[in-house]
Amino acid sequence: MRTRTQLDGVLAQGGGGTHQNRSERDTFAVMYAERLSRLWAVENGLCFGRLDLDDADADVDKTLYIGRIGMSDDEQVRLLIDWRAPVAQPFYRATPASPMGVTRRRHLRTRDRRVTGVDDDLFDLDRLTDDDRATLNGEAALLAALGEKRTGRMRDIVATIQAEQDRIIRSDLGGVLVVQGGPGTGKTVVALHRAAYLLYTHRDVLARRGILILGPNPTFMRYIEQVLPSLGETDVLLSTVAGLYPGLTATARESAEAAVLKGSPRMADVIAKAVRDRQRMPPGPIDIDLGNYTLRLDRRTLEAAASRASRGRRPHNQARAVFVRHILAVLARQAAKQLGRGLLEEDELADLREDLRTEPAVKAALNRLWPYVTPQRLLIGLFSSTERMTYAGLRPAEQDILFREPPRGGASLWTEADVPLLDEAAELLGDIDPAVLRAAALQAEEDLAAARQAEEAERQSEIAYAREVLELTGMSGMVDAERLAARHRGDGEHLTTAERAAADRTWAYGHVIVDEAQELSAMAWRMLMRRSPNRSMTVVGDIAQTGTAAGATSWAGMLDPHAAGRWRVETLTVNYRTPAELMAVAADVLTLVGPELKAPDPVRETGVRPWARRVGGPEELAEVVAGQIVPGGRLAVIVPASHAGPIGAAVTAAVPDAVAGPGAAALEAPVAVLTVTEAKGLEFDSVIVAEPAAILTGSPRGAGDLYVALTRATGALGVVHTGDLPAVLSRCAGLPEDPRDG
Ligand SMILES: Nc1ncnc2c1ncn2[C@@H]1O[C@H](COP(=O)(O)OP(=O)(O)OP(=O)(O)O)[C@@H](O)[C@H]1O
């Protein structure tokens, strides 16, 4: 209320006054508005816990209230302790064996501002009154939270964080913390709470450098994005690998074998060779015709310039300056001789060099010999030329997999597996100096206009070059110098940390969190490690759930190349999502993934067995789906990618409001048809797995995929199949009654 009044007061002052008044007013308005939205975000369940402490320590209040944020009254008396504060820790960690000074822990359940339930854990029975004893109630808070219907968005768990999770959330900032855990053990939710905890505890570093959270797909990112605002955090960038390269969205699809090849660590060498390819000198001399006379660059001169430029490990585009300087010096001396002016003073030679630098024929030669190259151009050039691919070390069979025509029109060109390659290339190519870009683009515009007017055939190569520069700089069609300047000014003064980080490929994050980390390819890890030079990371995943063929089979394989000796593993062992009856079926499938793997222990039972039903085809399948809808609940039909089309069509035709495919709508809909990849990391009240045999055989990691599909439900699980039911699912019973008939 107080903040609302303050904001209204500031806004009521209107827009007049001096510049300083206005900017102060704006600052306060933004501050109060931010605080208000923070308070709104946490209002629901603001206070969820109470700790009664024994009074051994007189400095500490005897009763503490724990909440989503900390609050004090006007006299600075503490009303509510932020859940992340050190004094709140016993709320999550105290046990009867180690009570940490707590006599009673109370969970408060609220709706709006009303208390709807109270659950107690008691650590010192002797100290309680008879009334208090009457209200005792063990794990009810957790089970109540787990039993609630799913909303399509992940919720925070501040009220019920478990001790093994709390240890991970509050683990030190430094080094790489690997959180290994089976499905439903809370890896994602713990990672998000860790982000909030770290920002609270290490605000100085992390508010400046930000936290990057990387997840498997955009639907998953939408599923989790609301958790962080509810924890009051905004200095966090949520992204996928496909979204991590500024300025492009990688939405194109490609074959699994192309993705695997692009993800293999060998590609680092391929990209390095592709860059060197752009620095190769022609075998013979080249002549530069300047009208009155001709200059010649022989092979020795070219090789010497190239080797000088590549010395010192400068990125390609910056090394170009060295190459150009060397060549211009040689050309200036030759020109002086040809002009019959003998030995010139240094300043005269400098003038001559500058004259030559702007000569179109010299420019064209330099651009052929050592062109500016962007990562995009490098990859387009590489994958559209068998000659370039051969030079880069790709074998003919690999070239067939990777070959693609240069793009035409505005079709989306980039795939997720291209992104780490672009990043690798960007690292080796380096930026093109914005001043050079600006000058080049303006010059190119002029050249283009002049050439168009003159329509001189011999200027065709000039036109081509000008076009290339414009395309390269993304400035095609822009003639306005001011707009060009604005584009490159990039002061970013008014951006949040997360926004500035998103726009900057070279941003070094204060902490990086990777969810579903088992899916990342070796090249994706290289890209990610560049974003985390301090190797302060939380890496979350489950080796047993690896779905992509480019993904990992061991944590050491993933991390040793980048952080050997600097990573530690914590394991989560309790499954909070999937009931015991479902987990028994999933555990059978897990033995196919690896006989040594152990499924996490489910925390609850529902008494309902998973069922299986044979159907004749997609239409009958859709009828079965329609019969399983529970009003208000969310059901997912998880399908093999090969069947997504027909089953999606049949279900959307049979069930009103059903959605096929990923996206925000799939999170909201009562029924969503998703592939295993699309359902990864998500959860639903009920799940129907369609055609499990095709999931098993659909990819080399088919058993892992089926395991993922079977562990998405918090309630009911069914399996629908047209062929024989795979033997591994024999625990599933017959289909139960249609709940609508009951
Ligand atoms: N301490 C807790 N209190 C209440 N709910 C919890 C707790 N821990 C986990 N959950 C719930 O359990 C479910 C599974 O959590 P989460 O999605 O983070 O698991 P995961 O390990 O990432 O699973 P997967 O690997 O299958 O994607 C979520 O609904 C989450 O809110």
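Before moving on, some ground rules. You are looking at a predicted model, where local features need pLDDT of at least 70, side-chain atom pairs count only at pLDDT 80 or more, and totals for chains, interfaces and linings use all residues. Residues are numbered from 1 along each chain as its sequence is written.

Now show the whole chain as a cartoon. The chain has 33 helices and 22 strands; these are DSSP runs numbered from the N terminus, with helices (H or I) of at least four residues and strands (E) of at least two. Of its 742 residues, 41% are buried (buried means 20 or more other C-beta atoms within 10 Å of the residue's own, exposed means 12 or fewer, and partly exposed is in between, with C-beta atoms placed from the backbone).

The largest nonpolar core has 155 residues, and A195, V637, I638 and V651 have the most contacts inside it. Such a core is a set of buried Ala, Val, Leu, Ile, Met, Phe, Trp, Tyr and Cys residues joined through C-beta atoms within 7 Å. Helix α7 supplies the largest share of this core, 8 residues. Apart from this core lies another, of 21 residues, including I327, L331, A332 and V362.

Select helix α29 (residues 644-654). Which of its residues are buried? They are I647, G648, A650 and V651. These residues cover an arc of only 170° around the axis, so they sit on the same side of α29; the arc is that of the directions from the helix axis to the C-beta atoms. Among the elements covering them are α28 (618-627), β18 (635-639) and β20 (671-675).

Compare that with helix α33 (residues 702-710). Here 9 of the 9 residues are buried, so α33 is largely enclosed by the rest of the structure. Its cover includes α27 (580-593), β18, α32 (692-697) and β22 (717-721). Click on I638 as well: leaving out residues up to four places away in sequence, I638 touches L674, V676, A679, V687, V689, A690, A709 and R712 (a contact means C-beta atoms, placed from the backbone, within 7 Å).

Finally, colour by pLDDT, the predictor's confidence in each residue, from 0 to 100. The mean for the chain is 83, and 80% of its residues reach 70 or more. Find residues 473-493, where pLDDT stays under 50, and residues 133-138, where pLDDT also stays under 50. Where pLDDT is low, the predicted coordinates should not be read in detail.

Terms used
Two residues are in contact if their C-beta atoms, placed from the backbone, lie within 7 Å.
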